[in-house]
Amino acid sequence: MFSNVIEIIILSIVQGVSEFLPISSSAHLNIIEIIFEFNSNSLMIDVSLHLGSLLAIIFYFRRDLLNLKDNQKLLSLLIIGSIPIVISGYVISATGLINLVENNLKIIAWTTLIFGIVLYLADKSKFDKKISTDLNFKTILYIGLFQILALIPGVSRAGITITAARLFKFNRFDSSKISFLLAIPAIAGASVLQLKTAIEQNLELNYLIILSITLSFLFSYFTVKYFLEYINKFSLNIFVIYRIIISIILFIIIYS
């Protein structure tokens, strides 16, 4: 029991922190699953971890979401931007294509490195476009198309959407906010697919699931809060460096 609780704490930290930072939560969860072979890392726990992150982002942006009824344009933009990932996610899940890239350390290593460098290049310039005045249907659709790449472990959903928004000349804060708002339907869609499979397997609710939802919520909430404070003052270079270090470690593990 104690070891299971420790595993849930570690998984919740990894999920909560890496889901909303440009470092790829799926890559980190896959790495932990492959290297440490946690006993408590099940489909229902995975659903619970993502549910905790989803509730956290909804709670953090609750005022923005409530104001969407008075901001039909932004609501429409978020729907348009979410369509590509929802359709693509369903297709690769239904066809089993996701199994070709999951738990593959080589893919994770290369995507972590390559898209870390792409993030660095996109973040170099000083842009100042804002959601309130500059976000339009064409731009959000392109960002949504970029988000499809996040289905590959190591790319990072947050990383690729922030990268895309920076390429379209949005400032760092608004690029991150676009990423976080698009995370809501993306995480919700993935959670629904996972939950459907979990229900079909008759998985039961237990204390580990409650714990994982709670801890994932807390770590996700504070990650979003402090990341937005950080991004107002600093560049994304620290995350690029982190990605490069992780990729080097993975290359050593793979090719040694």
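This is a predicted model: local features need pLDDT of at least 70, side-chain atom pairs count only at pLDDT 80 or more; totals for chains, interfaces and linings use all residues.
Colleague: What makes Asp 123 and Arg 166 a salt bridge?

Modeller: Their side chains meet at 3.0 Å, N to O, and the cut-off is within 4 Å. The pair links distant parts of the chain, with Asp 123 in helix α6 and Arg 166 in helix α9, 43 residues apart. Arg 166 is at 2% relative accessibility, so it counts as buried.

Colleague: How do you know that Asp 123, Arg 166 and Arg 172 are linked in a network?

Modeller: Asp 123 also forms a salt bridge with Arg 172, where the closest N and O atoms are 2.7 Å apart. Arg 172 lies in helix α10, so this pair ties together parts that are 49 residues apart in sequence. With both bridges on Asp 123, the three residues form a network of salt bridges.

Colleague: And Arg 172, why is it called buried, exposed or partly exposed?

Modeller: Its relative accessible area is 22%.

Colleague: What about helix α8: how do you know where its buried residues lie?

Modeller: They are Thr 139, Ile 140, Ile 143, Gly 144 and Gln 147. Seen down the axis of α8, they fall within an arc of 135°, so they line one face of the helix.

Technical notes. Residues are numbered from 1 along each chain as its sequence is written. Side-chain values use heavy atoms; hydrogens and water are left out. Buried means under 20% relative accessible area, exposed over 50%, partly exposed in between (1.4 Å probe, protein chains only). Helices (H or I, at least four residues) and strands (E, at least two) are DSSP runs, numbered from the N terminus. The arc is that of the directions from the helix axis to the C-beta atoms.
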